[in-house]
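Here are my notes on this one, point by point. Have the model open while you read.

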Amino acid sequence: MNYDNKVILTGVKPTGTIHIGNYVGAIKPAIELGHQINKTGRHIMFVADYHAINAIKDAPLLRQLTREIACTYLACGLNPEQSFFYRQSDVPELFEMTTILMAYTPKGFMNKAHAYKAAVDKNTAKGEPQDAGINMGLYTYPVLMAADILSYDTDMVPVGKDQVQHVEIAADIAGAINALYGNVLKIPTPVLTESAAVLPGTDGRKMSKSYHNVIPLFGTDAEIKKAVMGIQTDCRDINEPKNPDEILLYQISKGIVPEATAAEIKEGLEKGGMGYGTIKKMLLAAVLEEIGDKREKYNYYLSHFDEVEDMLHAGAQKARAVANPVLQRVKDAVFHRV
Ligand code: TRP
């Protein structure tokens, strides 16, 4: 992918305790992409706290989750001097842009949007009325997301599979505005991020806090060790040749350990002779190596959040300086002010 001189934007919703699966699947690739893009283009990374209030009404919890996600990205190497790094709710331009975009968004788009449909399906499965518990924020989720994207003349949006459709809706809304008023908004393109890196949890289900099967990213050594040693294994003989693709411990390890170690484990399983205990030790070493000093940095940022607050504010100022002229351009067009 050629990102030269491009504007790349990613939003993350504050969700909950961050685990190694989030790290290898989303955080690390996003930060590496940022380092690459910042050489020639612009990397924008923000905490989608407006989107989060649709689901989280416990304010202290939301504040805590927002802090945790911000500190995680910083601890993992996001450079706030180079990337734009801010909280969505610190950029009021988004909110004006959202209102304008609403007028160009067919209601039918919202009925078909993934986040809303998933909520309706959940209700239907539970035998509840289809819109039970669904607020307008969730319903119009893609319009705010379109504002997030279109306000910075974004070229590309790296997203997981479930968010591609939302980016396409943003492109359609921008297209509708351009069809009426000329070339006002940049049309964004979704870029599907690797889904290969999805890590199973220690019991083989999806890695998720609610299943209690996570390897925490910023746990204590003891917590991390307990999680790794607790990865479910079978009781076949150590010397029996095994198919690595059927072994959970290998599936988790290959997402984390260096390539050469993964190859060594694969061979050890295929030929037989390498025990699960040995593999767990190799995995634990790799996890701790990957975490390195990130945990100390994370704890530092969390306990000195005023410093992070300053970074987020500076990021919001940079973001506003870009979003404001784009918003003016749209207002000039739709209200025919020039
Ligand atoms: N909806 C995204 C998610 O749930 C988060 C998000 C909000 C986002 N605004 C965005 C992602 C704009 C990309 C671009 O993961």
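1. The structure holds 14 salt bridges, a salt bridge being a side-chain nitrogen of Lys or Arg within 4 Å of a carboxyl oxygen of Asp or Glu. Keep in mind that this is a predicted model, where local features need pLDDT of at least 70, side-chain atom pairs count only at pLDDT 80 or more, and totals for chains, interfaces and linings use all residues. Residues are numbered from 1 along each chain as its sequence is written, and side-chain values use heavy atoms, with hydrogens and water left out.

2. One to look at is E96 with K331, at 2.6 Å from N to O. This pair links distant parts of the chain, with E96 in helix α4 (residues 93–102) and K331 in helix α15 (residues 305–334), 235 residues apart. Helices here are DSSP runs of H or I with at least four residues, strands are runs of E with at least two, and both are numbered from the N terminus. E96 is partly exposed at 36% relative accessibility, while K331 is buried at 15%. For those words, buried means under 20% relative accessible area, exposed means over 50%, and partly exposed is in between (1.4 Å probe, protein chains only).

3. Next, D155 and K186 form a salt bridge at 2.9 Å, N to O. D155 sits in the loop between α8 (141–150) and β4, and K186 in the loop between α9 (164–181) and β5 (189–192), so the pair ties together parts that are 31 residues apart in sequence. D155 counts as buried, at 13%; K186 is partly exposed, at 34%.

4. K297 and D293 also meet in a salt bridge, at 3.8 Å from N to O. Both ends are partly exposed: K297 has 38% relative accessibility and D293 has 44%.

5. Now helix α1 (residues 20–37). Its 18 residues should span 26 Å at 1.5 Å a residue, and the end C-alpha atoms are 24 Å apart, which agrees; the expected span is 1.5 Å times one less than the number of residues. There is a bend of about 35 degrees at I27 in α1, with a proline, P29, following within four residues. The bend is the angle between axes fitted to the seven residues ending at a position and the seven starting there.

6. Which residues of α1 are buried? The list includes I20, Y23, V24, I27, L33 and I37. Among the elements covering the buried residues of α1 are β1 (7–12), β2 (42–47), α3 (59–75) and α13 (276–291). K28 makes a salt bridge with E290, at 3.4 Å from N to O.

7. On domains: the assignment gives domain 1 (7–199 + 304–334) and domain 2 (209–298), with bounds from an automatic or database domain assignment. Their centres, taken over C-alpha atoms, are 33 Å apart. In all, 13 residues of domain 1 are in contact (heavy atoms within 4.5 Å) with 15 residues of domain 2. About 1300 Å² is buried between the two domains, 73% of it from carbon and sulfur atoms; that is the accessible area (1.4 Å probe) the two parts lose on being put together, summed over both. The rule finds one salt bridge across this interface.

8. Finally, G255 lies in the loop between α11 (248–254) and α12 (259–271). G255 is partly exposed, at 36%, and touches V24 and L199, not counting residues up to four places away in sequence.
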